[in-house]
Amino acid sequence: MTDGRVAIEATGLCKSFGSVDVLTGVDLAVERGTLLALLGQNGAGKTTFVRILTTLLRPDRGRGAVNGYDVVRQANDVRASIGLTGQNTAVDKLLTGRENLVMMGRLCDLGPAGARRRAEQLLEQFELVDAADRQVKTYSGGMRRRLDLSISLITAPPVLFLDEPTTGLDPRSRLTMWDTIRALLGGGTTVLLTTQYLEEADRLADQVAVLDGGRIVAQGTPNELKRKVGTDRAELSFADEAAFDRAGELLRDENVRGDRQQATLSIPMHDVKQLKCVLDRMESGGVEVTGLAVTKPTLDDVLLAVIGRPATRSAGQEERTA
C-alpha cells in the first residue's frame, strides 16, 4: 500500500464470467475509519467486487488490497483482517445464539475461555442476551441479522464488508442495524457497504460510489453528488387536470417536470424570490395551488443522472452471481 490512510484499495479490477464482463476496470479507495456505500443496479457487479476483496474470487486482472495485504498473494492475511456479512445469514439455526458465537470463536483460535468471553461481549453489544440460549430458528429476521453481524466481528476485525446487510428487514430492525453500524464506525472500523436502499447510503456513508458498466462512474460524499445533479425543486399540486394544464401554460418558460395524472408540477428552485414569482404567476392566472412542497435532490436523482435510471428492487430480487 502506498498510503497508510487507505484500508481498502482496488486498481483496475476486472472479472468476467464466460462471455459476460462484470467488472471492467474498477478503481476505488476507502480511507480507514470511514464507510463507503457502493451503489448500482442489480447485476452491476457489487457482490462480485466484494467477493474479490474478501478473497472468495480471484480477479482476472488488476489488483486489490485490504489492510495493506494483496487479496491474491496474501489472502490469508486479508482474511485475518476482515469480517463479512453477506446477503443471507450464515448462522446455524439449530444452535443457540451463544453456541453459534462460541463455535466461531473456537474456529478463529480464540480458545475455549476466549471464545466464551468474546461471545458474551457480542451478545451484550448486539442486545441478544435475553435470546442467547434460544435456538436461532426462533429468532426474528432482525435478530438473525444482528447475530450474523456479531459473528463477522468475532475477532474484532479492522475492516468490515457488509453486502446488503439490511435486505428484508422491517423498518425498525433496519434502524437498529444502522445504529450498530454507526457504533462500529465510532470505534474505528472501516466499512464497505453495498445496498439497494438509498436512504441507508445517505444516512450512513462518508463516501458513495456508483458502479455501472463494470466501472465506478461517480464518487463523492452524498451531499457532493446531490449538488452535482441539481438544485432544490418546488412541487406544486392542483385540484384537477384542467388546472394542471393551465399552470403548465403559465410556466412553459420554466424547466418543468409534470405528472398530469397526479396533477403535480415540479420546478427547479434557486431561491425564495423565484418561488414567490411562480406563486404570483399562478394567482394572476387564476390557477389555485392546492399543495406546495420543496424537495432537495436525492441519491435517486444521482443514479438517474449518472446511469440513466434510479435504483429499483423487485420483490425477492437480489444480486447473486454478479
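Q: Where does Thr55 lie?
A: In the loop between helix H1 (46-53) and strand S4 (61-66). Keep in mind that this is a predicted model.

Q: What is the phi of Thr55?
A: Positive, about 70 degrees, although Thr55 is not a glycine.

Q: Buried or exposed, Thr55?
A: Thr55 counts as buried, because its relative accessibility is 12% and the cut-off for buried is under 20%.

Q: And Glu164, what is its phi near?
A: Near 50 degrees. That is a positive value, again in a residue other than glycine.

Q: Where is Glu164 in the fold?
A: Glu164 sits in a loop, with strand S7 (159-163) on one side and H6 on the other. Glu164 counts as buried, at 1% relative accessibility.

Q: Let's zoom out. How many helices and strands are in the protein chain?
A: The chain has 11 helices and 14 strands. Its C-alpha atoms fill a box of roughly 80 × 45 × 35 Å along the principal axes.

Q: What percentage of the residues counts as buried?
A: 47% of the 322 residues. The accessible surface comes to about 15,700 Å², and carbon and sulfur atoms account for 47% of that surface.

Q: What about contacts between residues at least 6 apart in sequence: what share joins residues at least 24 apart?
A: That share is 69%.

Q: Charges next. How many positive and negative ones are there?
A: 41 positive and 44 negative. Their mean positions are 5 Å apart.

Q: Now the core. Which residues of the largest nonpolar core touch the most other members?
A: Leu35, Leu101, Leu147 and Leu149, out of 44 residues in that core. Helix H6 (residues 171-186) gives the largest share of this core, 5 residues.

Q: What is Leu149 in contact with, leaving aside neighbours within four places in sequence?
A: Leu149 contacts Thr85, Phe126, Leu160, Leu162, Met177, Thr180 and Leu184.

Q: Which residues does the second core include?
A: Leu23, Val159, Leu192 and Leu211 are among them. This core is separate and has 24 residues.

Q: Switching to H8. Which residues of this helix are buried?
A: In H8 (residues 222-229), Pro222, Leu225 and Lys226 are buried. They cover an arc of only 95 degrees around the axis, so they lie on the same side of H8.

Q: What covers the buried residues of H8?
A: The cover includes helix H7 (198-204), strand S9 (207-212), strand S10 (215-220) and helix H11 (299-307).

Q: Which exposed residues are on the face turned away from the buried side?
A: Arg227 and Lys228.

Q: What follows H8?
A: Gly230, with a positive phi near 155 degrees. Thr231 is also in the loop between H8 and strand S11 (232-237).

Q: How accessible is Thr231, and what does it count as?
A: Its relative accessibility is 34%, so Thr231 counts as partly exposed. Partly exposed runs between the 20% limit for buried and the 50% limit for exposed.

Q: What does Thr231 contact, neighbours within four places aside?
A: Pro268, Met269, His270 and Pro297.

Q: How many residues separate Thr231 and Pro297 along the chain?
A: They are 66 residues apart along the chain, with 6.5 Å separating their C-alpha atoms.

How values were computed
Residues numbered from 1 in each chain as written. Predicted model: local features only at pLDDT ≥ 70, side-chain atom pairs only at ≥ 80, totals over all residues. Heavy atoms only, no water. Helix = DSSP H or I, 4+ residues; strand = E, 2+ residues; numbered from the N terminus. Buried < 20%, exposed > 50% of the residue type's maximum accessible area, 1.4 Å probe, protein only. Contact = heavy atoms within 4.5 Å. Areas by Shrake-Rupley, 256 points an atom, 1.4 Å probe, with all protein chains shown as cover. Lys, Arg positive; Asp, Glu negative; His and termini not counted. Charge placed at Lys NZ, Arg CZ, Asp CG, Glu CD. Arc of directions from axis to C-beta. Core = buried A, V, L, I, M, F, W, Y, C linked by side-chain atoms within 4.5 Å.
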